[in-house]
Amino acid sequence: MNFDFTDEEKNFFSEVTKAMEAVAENRDFESGDLDTVRDNLAEALAALASSGYLKLGLNAEDAPFSGTLPLMAAMEQLSGISPSLFLAVEMSTRMFGRVVALDQEAGKNADILSALAAGKTVGAVALSEESLNVENDPLTTMATREGDAVRVSGTKSLVTNGPVADWFAVVGMLDEKVAVFLIEKGAPGLKLTDRQLTMGYDGLAISGLEIDGCKVLADQVLGPFDAAPFLEQLKLWENQVLIASSLGLMQASYITARDYAKEHRSGGKPIIAYQEVGFKLSEMLTLYQTAQLYAYRAAWMADDSPKEAGVLTLCAKVFCTESAEIVAGKSLQVQSKDGYLAGGKAERSYRCAKYGQIAGVSTEIARVKIGDAALGRF
Ligand SMILES: Cc1cc2nc3c(=O)[nH]c(=O)nc-3n(C[C@H](O)[C@H](O)[C@H](O)COP(=O)(O)OP(=O)(O)OC[C@H]3O[C@@H](n4cnc5c(N)ncnc54)[C@H](O)[C@@H]3O)c2cc1C
């Protein structure tokens with residue numbers, strides 16, 4: 001295990017951070033109507049494209065580097081700058097992009113991948129369905145063959161980037177296996193439902209999808225794949241994104257509390273002088289750094305021993321996403337009334353942290369799977 005980053009990688013992380021901080025100075029990535037969210041995303045994607053960030057994890061030959069470990073660290077930097085922007089970028093690049101890249105060897109959809117890498121297109125992954133968790137039940141989105149093409153029908157309840165996406169990777173059933181249907185916005189039969197607002201990630205555009213007999217050409221059908229390994233792969237990628245998201249939330253919560261404790265005075269001295277405040281900061285830093293190590297180990301395993309990476313990633317996800325909520329809570333406590341007032345970074349992290357625990361493989365299902373793996377092994 002070697003979690004050291006090369007100088008080239010470190011320079012890359014700081015270049016991405018600097019470029020994105022510069023963009024964030026003039027834009028509020030944490031709120032806005034759909035036009036604002038679309039403009040924000042377009043500007044951020046253009047900046048990220050010039051650094052090569054959007055090529056990471058997509059098997060691109062000219063990516064700045066390969067490997068899940070440096071990808072995890074790069075994602076952590078972006079999440080620390082803006083949670084909403086981070087999820088929008090990652091659902092498009094690392095989720096939608098990796099799904100499209102599944103058929104890269106066949107040369108399919110190379111144009112979509114190059115537009116993604118250039119920051120010129122936005123993707124979304126439509127997997128979950130209303131009242132149905134893919135961990136428990138088979139998908140109800142169905143495709144039937146029609147010559148070389150297929151016709152797809154189904155309903156997807158929550159799709160991140162839905163209202164701003166150019167392309168949708170719709171996951172459904174074909175020939176009793178799971179397949180992905182790439183559907184372009186505006187395709188006949190594709191309807192977006194109203195934007196959904198959530199308790200966190202206010203700068204994210206989320207909607208549902210109604211798909212009524214959409215025609216998808218053979219080139220834009222990926223698979224069909226065996227359901228279990230395909231869904232496991234998708235969930236692994238999503239869990240990696242959610243782990244990185246949690247690291248960024250912890251980074252923001254910790255730094256905000258530390259700086260506040262040094263500056264804010266109460267009783268004639270900076271509050272960092274109170275031992276109990278120092279204890280909170282030390283607990284936050286300990287959790288953040290432990291979570292970071294766990295995340296890096298799971299990322300390293302994903303390349304080094306993929307068979308074991310699945311369970312380790314679940315463990316890391318449970319730990320990192322639960323730690324993010326605890327660290328954000330302690331940050332609020334240190335900042336007291338100023339933390340509780342709306343608009344601060346810790347308040348946002350607190351509201352966003354919960355999402356990591358319910359999405360991907362939820363904390364409950366992850367614990368069941370970790371337990372099953374432990375029983376199987378010992
Ligand atoms: C902001 C947001 C954005 C989203 N974006 C997307 C997106 O881009 N694409 C997409 O496809 N989906 C997206 N989703 C959907 C999201 O992935 C699902 O909400 C998530 O998978 C949870 O499904 P559910 O709400 O149906 O939970 P349910 O399955 O109804 O679970 C409810 C509770 O029961 C527990 N539970 C369920 N089954 C078990 C079990 N077998 N063992 C133990 N406990 C269990 C769960 O852990 C949870 O606590 C998004 C959701 C939100 C909130």
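**View 1. Helices and strands around the ligand.** In this predicted model, β1 (123-126), β3 (149-160), α9 (345-358) and α10 (363-377) each give at least two residues to the ligand shell. Helices (H or I, at least four residues) and strands (E, at least two) are DSSP runs, numbered from the N terminus. β3 supplies the largest share, three residues. Domain 2 (123-225) and domain 3 (228-377) both contribute to the shell, so the ligand lies between them. The domain bounds come from an automatic or database assignment.

View 2. A polar contact here is a pair of N or O atoms within 3.5 Å. A ligand nitrogen is 2.8 Å from a polar backbone atom of Val-125. A ligand oxygen sits 2.6 Å from a side-chain N or O atom of Ser-362. For Glu-364, a side-chain N or O atom is 2.6 Å from an oxygen of the ligand.

**View 3. An edge-to-face aromatic pair.** The ring centres of Tyr-201 and Tyr-355 are 5.6 Å apart and the planes meet at 75°, so the pair is edge-to-face. Rings of Phe, Tyr and Trp (its six-membered ring) pair if their centres lie within 6.5 Å; planes under 30 degrees apart are stacked, over 60 edge-to-face, the rest tilted. Tyr-201 lies in the loop between β6 (190-192) and β7 (206-216), and Tyr-355 in α9, 154 residues apart.

**View 4. A stacked aromatic pair.** Phe-225 and Phe-230 stack, 4.8 Å centre to centre with 0° between the planes.

**Notes.** Residues are numbered from 1 along each chain as its sequence is written. Local features need pLDDT of at least 70, side-chain atom pairs count only at pLDDT 80 or more, and totals for chains, interfaces and linings use all residues, while side-chain values use heavy atoms, without hydrogens and water.

Methods:
A polar contact is a pair of N or O atoms within 3.5 Å; within protein, one must be able to donate a hydrogen and the other to accept it, and residues adjacent in sequence count only if both atoms are side-chain atoms.
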